[in-house]
Amino acid sequence: MLKRNKILFRNIDWGVVVIYMIMIFFGCMNLSSVSTEKAEKQLIWILLSFIFIFVIFLFKPIHYKHITPFLFLFTLFLLIGVFFFGKNINGAKSWYVFGSISFQPSELAKISTSLMIAHIMSQEDIKNNNKALLHISIILVLPAFLIFLQPDPGSSIVFSSFLLTLYREGLSIYFILYSLFYVLLFVISLNLSPWIVVSLLFIFFVLFYFLKKRTSFFDLFFYIFLFISFSLFSIFSPFFFQKFLKQHHKDRINILFQNEFDRKYRDNVGYNLLYSKTAIGSGKFFGKGYKKGTVTKGKFVPEQHTDYIFCTIGEEWGFVGSIIFILFYLLFISRIYFLSERQKDIFGRIFGYSVGNILFIHLIINLGMVMGLFPTIGIVLPFFSYGGSSLWSFTILLFIFIRIDASDQTSLI
């Protein structure tokens with residue numbers, strides 16, 4: 001037993017662990033600039049996260065495979081229960097609150113869905129297997145849909161990261177391109193008449209069909225199907241936007257096409273974005289220095305300790321510090337991808353890619369939010385934003401994978 005533990009300890013990828021430690025303590029240091037009280041609480045949550053890490057290493061990887069279906073069902077139960085027993089915070093019924101302790105089941109959903117995807121795909125190959133693809137789709141859609149209904153569209157968007165995992169395992173690139181095209185259509189349809197969009201789609205498909213050298217009856221049927229589906233989507237997008245999204249969600253999307261400096265927006269929906277850009281821009285090339293950010297000290301950005309923590313980095317560490325931070329974060333994710341690729345067991349590889357992709361999507365969307373390239377949808381910056389639920393969920397995700405990687409690569413036992 002002692003020998004096995006020594007081997008396990010030696011096989012841990014300490015590079016990832018060291019980067020994790022640097023990130024959480026640098027994040028806590030930046031939180032101290034925003035609020036000393038919140039930084040102290042975050043430090044307590046960091047110390048408690050070490051208990052989770054210890055517990056994770058008590059289990060063997062085979063145990064995670066066995067408990068995965070039960071954990072996934074338990075997560076769905078919690079996501080349904082939050083509609084009845086959850087507390088409404090910031091317009092979304094996404095939290096269970098027990099006294100001073102709060103818990104967001106969508107954080108657990110990232111862990112259980114990652115494990116479930118790895119569990120199913122390690123048994124079924126999705127290449128040319130529509131049945132397996134259907135199973136995976138149901139697993140992804142169920143938690144994402146329940147989270148969207150809370151409503152928490154930001155957390156539900158994170159589940160799109162699993163498309164990258166599926167692509168690694170053989171899913172056609174066209175599925176991802178179609179998904180991106182639907183997003184583009186949604187944005188265009190909010191700014192142009194849907195009938196203009198339909199006309200442009202018609203012209204595009206006609207030209208594409210006749211310019212293609214070889215066409216068949218199946219090609220013609222497929223193009224007609226795509227044209228109809230894209231057209232219906234563009235027609236109903238404005239209706240969905242107006243009827244199903246809450247006003248604060250609509251405002252956060254609309255501000256992307258407006259000027260947040262305009263008097264109409266600067267004191268309400270554009271306030272956060274205005275001062276976030278101001279903070280980042282004021283840092284210039286080398287930054288103002290640690291705890292010397294005037295926008296941060298003045299507490300002009302209301303959510304600077306959570307969603308907008310990056311503007312603290314931009315103001316205090318400047319362009320140089322921000323670039324180093326982003327490169328460091330990408331190095332961290334790249335290392336996770338590298339470890340995933342070397343896994344001999346399919347379960348470990350798929351789970352590792354899911355972990356890396358979730359972190360990557362969080363990074364891209366969070367940076368896009370604070371710079372006005374993406375609507376504010378409550379996506380935190382992992383290991384940097386304030387909050388025990390998010391810190392613990394990302395820590396558990398990461399260290400389950402580190403535990404799997406540290407095991408004998410020829411066996412899950």
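## Salt bridges

Glu169 and Arg349 join through their side chains in a salt bridge, with an N to O distance of 2.7 Å. Because Glu169 belongs to the loop between α8 (162-168) and α9 (173-191), while Arg349 belongs to helix α17 (residues 346-370), the pair ties together parts that are 180 residues apart in sequence. The model is predicted, and seven salt bridges are found in the structure. As a general point, side chains of opposite charge can pair when their charged atoms come close.

Helix α4 (residues 61-85) packs on helix α6 (residues 130-148) with 9 Å between the axes and an angle of about 20°. Since angles under 35 degrees count as roughly parallel, α4 is therefore roughly parallel to α6. The crossing of α4 with α6 is left-handed. On the α4 side, the contact involves Phe72, Leu76, Leu79, Ile80 and Phe83; on the α6 side, it involves Ile139, Leu142, Pro143, Leu146 and Ile147.

Helix α4 also packs with helix α5 (residues 105-121), at an angle of about 145° and with the axes 8 Å apart. The crossing in this pair is left-handed. The α4 residues that meet α5 include Tyr64, Lys65, Thr68, Pro69, Leu71 and Phe72. Among their counterparts in α5 are Pro105, Ser106, Leu108, Ala109, Met116 and His119. Phe72 and Leu79 of α4 take part in the contact with α6, and both are also listed in the contact with α5.

## Packing of α14 with α16

The axes of helix α14 (residues 271-282) and helix α16 (residues 310-341) lie 6 Å apart, and the two helices pack at an angle of about 30°. The pair is therefore roughly parallel. Ser276, Ala279, Ile280 and Ser282 of α14 make the contact with Phe310, Cys311, Gly314 and Glu315 of α16.

## A nonpolar surface patch

Leu192, Ile196, Leu200, Phe202, Ile203, Val206, Leu207, Phe210 and Leu211 make up a nonpolar patch on the surface. Together these residues have about 910 Å² of accessible area. One of them, Leu200, is located in helix α10 (residues 194-211).

Terms used:
Residues numbered from 1 in each chain as written. Predicted model: local features only at pLDDT ≥ 70, side-chain atom pairs only at ≥ 80, totals over all residues. Heavy atoms only, no water. Patch = residues over 30% accessible without salt bridge, like charges linked within 9 Å, V, L, I, M, F, W, Y side chains within 5 Å. Areas by Shrake-Rupley, 256 points an atom, 1.4 Å probe, with all protein chains shown as cover. Salt bridge = Lys/Arg side-chain N within 4 Å of Asp/Glu carboxyl O. Helix = DSSP H or I, 4+ residues; strand = E, 2+ residues; numbered from the N terminus. Axes fitted to C-alpha atoms, helices over the stretch in contact; angles between N-to-C directions. Parallel < 35°, antiparallel > 145°, perpendicular 65-115°, else oblique. Left-handed = near helix turned anticlockwise from the far one by under 90°. Contact = heavy atoms within 4.5 Å.
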